[in-house]
Amino acid sequence: MEHKLYIYNTLSRKKELFVSIHENKVGMYVCGPTVYGDAHLGHARPAITFDVVFRYLLHLGYKVRYVRNITDVGHLENDADSGEDKIAKKARLDELEPMEVVQYYTNRYHKAMEALNVLPPSIEPHASGHIMEQIDFVQKILDAGFAYESQGSVYFDVEKYNQSNHYGKLSGRNIEDMLESTRDLEGQSEKRRSVDFALWKKASPEHIMRWKSPWSEGFPGWHLECSAMGTKYLGEQFDIHGGGMDLMFPHHECEIAQNKAGLGKDSVKYWMHNNMITIGGQKMGKSLGNFITLEEFFSGNHALLTHPFSPMTVRFFILQAHYRSTVDFSSAALEASEKGLSRLMEGYARLQKLVPSSKSTIDISDLRAKCEKAMCDDFNTPIVISHLFNALPLIATIYLEFQMISEEDLNELISVFKLYLVDLLGLRTENETSNGLEAYKKAIDLLLNLRLEAKRNKDWTTSDKIRNKLTALGFEIKDTKDGFEWKI
RNA sequence: GGUACUUUGGCCGAGUGGCUAGGCGCCGGUCUGCAAAACCGUAUACGGCGGUUCGAAUCCGCCAAGUACCUCCA
């Protein structure tokens, strides 16, 4: 592969040249959502971040197998090894079968992702559909001597693992300190050490989601699904594992330990973590209750939002920051993105209508290379966007006929915009979803204002004609004291 | 308390030793019957204190503030 793509690897905390394990092929695993609630802005970040990674790797010519899981079992409240399963809790509260909850929110997740123009992954496996694989994985770890059974549950023996490996190497933790500080608290737990984590949990009598295993009727530990499904679909070693920074510890740390213990080798070559979206400087998260769902953004139905924001605005907003930086949400910031995106899209539309001349009086030769350089520098989408913005004045001056562009240069410029703006950043040109609706509303307002004008001139023929025609089309027109109202 | 990260102009947000990031907003201008849009242009910055260097927003140290994860507590 001829490219100089550098990816920041959380393991080394450095940008590393990307070299795939298998020539021309890339395996990528990204942690997907736990489907017990509507997707919020925080869920959009990894989806969009790794969508761009996916798109760029495809563009470079790789055959990419992109696996993004659906967590529908085993993720406990408070991410601890005790407490009620999140899905089961939601099911109990809503009086639904757990799988109804899963299906409902999975459908809604897919709908939101489609609106954001996030490409579907190659495989989207469910944890509940891979119980056998997870049981096998537990057995492997037990056979290797890195786990122990306790009252029907199976726990990973972190202390033993750490004697020959470094538990904590991803998140930079020193497990000896943790062992020291937690040793006193043992006693009531089935676990030998509080740092140990569950591979398999015996189900309590009221627990609905349960499967048979050699140890008990129960369910798999949360961290296990990624080890089992990643291995199943991408092999024992694969290129990229992605997810949010909040999953680094314990989730990904545990996954590394499980794979090393069960398979005898490290599975992942490049670990990538996107940063959080903040609101008022604080992480936007389910547990904090400060989240805004994607649907609320699209509908504008939230106290912090001044109006609806199109999915493309949300996507653009996220891409205007580098994925490893936090992004602070505010309605003002989103409005700024909305306007910026609109200008960019208008520029692209205008570009496609330019008339070429015999020669160019401008130089666009380095734009493609600049964009490519930015993408290769750990997917620096804000820089790509700034380069595209820099091309807008050129387009404007050609449009206003102050400058000329040759057919060759015009085709190149269109090609670069198409590639980066549409294909790689994934910004759709036609915003018929909510922008179209907005334009349509404005068109009706326009008509009614014409009618208002006619009324003021006592031109009743025109006034009545507009009202009657619109009424015939299904609109309800109401005159008010000094204006109008309408609805369908 | 531990680990990691962050601190850039009115707001958002790149950059990593000397060369304009970019967006939104502001202000000025072109255009227009007026306005909007569009276009052109100007201004504003690198948390604090030291150090390294010819030169630091960029490297090093200390301090301050903040965030995340963990731990502790409840």
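The dialogue below works through how to read some features of a predicted model.

Me: What should I know about the model before reading it?
Reply: This is a predicted model, in which local features need pLDDT of at least 70, side-chain atom pairs count only at pLDDT 80 or more, and totals for chains, interfaces and linings use all residues. Residues are numbered from 1 along each chain as its sequence is written, chains are lettered from A and ligands numbered from 1 in the order in which they are written, and side-chain values use heavy atoms, with hydrogens and water left out.

Me: How many helices and strands are there in chain A?
Reply: Helices (H or I, at least four residues) and strands (E, at least two) are DSSP runs, numbered from the N terminus. Chain A has 16 helices and 16 strands.

Me: What share of the residues in chain A is buried?
Reply: Buried means under 20% relative accessible area, exposed means over 50%, and partly exposed lies in between (1.4 Å probe, protein chains only). Of the 488 residues in chain A, 51% are buried.

Me: What share of the contacts in chain A joins residues at least 24 apart?
Reply: A contact means heavy atoms within 4.5 Å. Counting contacts between residues at least 6 apart in sequence, 74% join residues at least 24 apart.

Me: Which residues have the most contacts inside the largest nonpolar core?
Reply: A nonpolar core is a set of buried Ala, Val, Leu, Ile, Met, Phe, Trp, Tyr and Cys residues joined through side-chain atoms within 4.5 Å. The largest one has 83 residues, and Leu41, Ile240 and Phe417 have the most contacts inside it. Helix α1 (residues 41-59) gives the most to this core, with 10 residues. Domain bounds come from an automatic or database domain assignment; the core draws at least three residues from each of domain 1 (6-274) and domain 2 (279-424).

Me: What does Leu41 touch, beyond residues up to four places away in sequence?
Reply: Its partners include Ile277, Met284, Leu294, Phe317 and Phe329. A second, separate core has 39 residues, among them Val154, Tyr161, Cys226 and Leu263.

Me: Where is Asp378, and is it buried or exposed?
Reply: Asp378 is in the loop between α12 (367-376) and α13 (381-399). With a relative accessible area of 0%, Asp378 is buried. Asp378 follows α12 and has a positive phi, near 55°.

Me: What does the side chain of Asp378 make a polar contact with?
Reply: A polar contact is a pair of N or O atoms within 3.5 Å; within protein, one must be able to donate a hydrogen and the other to accept it, and residues adjacent in sequence count only if both atoms are side-chain atoms. Here the partner is the side chain of Arg324, at 2.8 Å. Leaving aside neighbours within four places in sequence, Asp378 is also in contact with residues including Tyr6, Tyr8, Lys15 and His322.

Me: What covers the buried residues of α12?
Reply: The buried residues in α12 include Leu367, Cys371 and Met375. Their cover includes β1 (6-9), α1, α13 and α14 (407-424).

Me: How do strands β5 and β6 run, and how many bridges join them?
Reply: Strands of a sheet pair through backbone hydrogen bonds, either parallel or antiparallel. Two strands pair if DSSP finds at least two bridges between them. Strands β5 (residues 147-150) and β6 (residues 153-156) run antiparallel and are joined by four bridges. Ala147 has Phe156 in β6 as its bridge partner. The two strands form a hairpin with two residues between them.

Me: What is the strand order in the open sheet of three strands?
Reply: The order is β13-β12-β14, with mixed pairing. The edge strands, β13 (282-283) and β14 (327-329), each pair on one side only. Strand β12 (residues 277-279) runs parallel to β14, and three bridges join them. Ile277 has Val327 as its bridge partner in β14.

Me: Which peptide bond is cis?
Reply: The bond from Phe249 to Pro250 is cis, with omega near 5°. Pro250 is in helix α8 (residues 248-263).

Me: What does the side chain of Arg210 reach?
Reply: Arg210 lies in the loop between β7 (197-202) and β8 (211-212) and is partly exposed, with a relative accessible area of 28%. Its side chain reaches the backbone oxygen of Pro205 at 3.2 Å. The side chain of Arg210 also makes a polar contact with the side chain of Glu217 (3.1 Å).
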